[in-house]
Amino acid sequence: MSVLRPLDKLPGLNTATVLLVGADDALLQRLADSMLKTDCASELRVHLARSLPLPSNVNRPRVDLLVFVINLHSKYSLQSVEKSLHHVDASFFLGKACFLATGAGRENLCSVHRNTIVRLARTYRSPVLFCDLEVEGSRAAMAQRLARMLQISAGHVPGVSAMSLLSLLRSSESPSLEDL
Amino acid sequence: MDETIAEFIRRTILKIPMSEMMTVLEAWNFLSESQLQTLNLRQRKDSLAQSVVLLCEEKCASLSDAALLDIVCEDLDLFDIEQFKSSFKKILQRALRNVTVSFRDAEENAVWIRIAWGTQYTKPNQYKPTYVVYYSHTPYAFTSSSRLKSNIPLLGQALTVASKHHQIVKMDLRSRYLDSLKAIVFKQYNQNFEIHNPTAPLQERSVGLDINTDSRIIHENAVEKDKVQRITQETFGDYPQPRLEFAQYKFWKAAMLTTTPQTPTQSLQFHNRFLETKFKSDLNGGILADREEPLRCLIKFSSPHLLEALKSLAPAGIADAPLSPLLTCIPSRGMNYFKIRDK
């Protein structure tokens, strides 16, 4: 039971749950607050975890979207996410997972290069998003984007599935997948 | 009078230097004037002690009188502040003809000393003085960092001799905040200050929780978070940390070179308990090639308030708890400059 699976539970009525995974608790908290402030037709639930696997004795809803939050200022943050990735079922990476890198703007504080995250995301065939979670405006915009992605992953948007969104996002990146 | 009391008084008398003997006995206020006058201060100390004991027997000294004598001795102590100052000044003036030494007495038996250094031929430079704070009832002195490094051994010597010690040792502890240095050295940092309103901190904590209890947000790793908080509290305590700006670690490590035949780079892996460090250089080796001497590595942590920053690392999710003991031992060992040899 230590591997997180996307479809092992029944969905809740009009509910969409996102799991934010990252070592930096304060940033996750702020992102969660921003996401809940967005105007969203579905009922949102946000779960915050420092790392995976999650404690197994808890009754929790199905996770519709998995967001790995990496703070580019902290190598520890990257290592924590890399360890957590081992506990995720592969089917999450069919559009229900993405990487979020924060802090690229302040280069003098970055100890992780943004290309490291780009390569990591390519390895897992998942989109990578960049923002600055410490800045209100950037965070609010990202929260709206994530809320929309969450709705799609939970199946609340007719005509668009997680997989189709994934292929839409991928076409804007570099086309050569061998380039790893 | 008891045998044991007599012996105790005798031994206490033997501990008092002859120069202070009369002062102590008068301050004790047990023996009468006439009795004190019968004492011959020119005789040897053990004979004097015997005479005092006999006088005490005449007056039937009790244990509490003997204890009072002991307290009076401690109070007058072996330290005479004026003697220290004149001795200190003389030593410096004998060594360097031109030197300005000033004193100021402060609270807690602290003597502030200002020294402007000159040489045999030049007048003292009043713009680059050294400041020393000596706590007379402790074996510690705090000095400001001096640009004129050549005078430091002389300063050490003057302090040692004037304070009647044998040796002076430089501690690897530096900070811009004298109060923090005092707190660490006198072990006064681990005190809780929240005595006035014990309920206040609890209220603060629950208010913090209220902000977070939007029921739509669930923290999955609450157990781990509590564990990290607990470990942090055990390591750093609840009290404010003394203020330091730096921690510096010097490492020496014998070089271990590994070459992989295929790749044109030589890389050196440098593992120590603290940090994983990798050095890479190209084929010609550079500083890594054919290295005989050990590699020296210096790691410096700096912060406006280093210990508080270290304390917040694990709760902020930037490091694992518990932190390396090399970081957490700073206040308890009283050092923030370390030299570590990897064996």
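Student: Leaving aside its neighbours within four places in sequence, what is M18(B) in contact with?
Tutor: L41(B), Q43(B), K45(B) and L48(B) are in contact with M18(B), once neighbours within four places in sequence are left aside. Contact means heavy atoms within 4.5 Å. This is a predicted model, where local features need pLDDT of at least 70, side-chain atom pairs count only at pLDDT 80 or more, and totals for chains, interfaces and linings use all residues. Residues are numbered from 1 along each chain as its sequence is written, chains are lettered from A and ligands numbered from 1 in the order in which they are written, and side-chain values use heavy atoms, with hydrogens and water left out.

Student: Where does M18(B) lie?
Tutor: In the loop between α1 (3-15) and α2 (21-28) of chain B. Helices (H or I, at least four residues) and strands (E, at least two) are DSSP runs, numbered from the N terminus. From M18(B) to R44(B) is 26 residues in sequence and 9.5 Å in space, C-alpha to C-alpha.

Student: Why does M18(B) count as partly exposed?
Tutor: Because its relative accessibility is 30%. Buried means under 20% relative accessible area, exposed over 50%, and partly exposed in between (1.4 Å probe, protein chains only).

Student: Switching to α8(B). Is it mostly covered or mostly uncovered?
Tutor: Mostly covered. Helix α8 (residues 178-185) of chain B has six of its eight residues buried. Among them are L181(B), I184(B) and V185(B), and K182(B) is buried too.

Student: What covers the buried residues of α8(B)?
Tutor: The cover includes β3 (130-135), β4 (140-143) and α13 (330-333) of chain B. Just after α8(B), K187(B) has a positive phi of about 55 degrees.

Student: Now the interface. How many residues does the contact take from chain A and from chain B?
Tutor: Chain A gives 21 residues and chain B gives 18 residues. The area buried between them is about 1,700 Å², with 44% from carbon and sulfur atoms. Buried area is the accessible area (1.4 Å probe) that two parts lose on being put together, summed over both. In chain A, the residues that lose the most area to chain B are L36(A), R50(A) and Y76(A), together 36% of what that side buries.

Student: How many salt bridges between chain A and chain B?
Tutor: Two salt bridges. The rule is a side-chain nitrogen of Lys or Arg within 4 Å of a carboxyl oxygen of Asp or Glu. K225(B) forms one with D25(A), and the closest N and O atoms are 2.9 Å apart.

Student: Which elements give two or more residues to the side of chain A that touches chain B?
Tutor: α1 (25-37) and β2 (43-49) of chain A. β2(A) gives the most, with six residues.

Student: In what sense do β2(A) and β5 of chain B pair?
Tutor: Parallel, over three bridges, with β5 covering residues 217-219 of chain B. Strands pair if DSSP finds at least two bridges between them. V46(A) has I217(B) as its bridge partner in β5(B).
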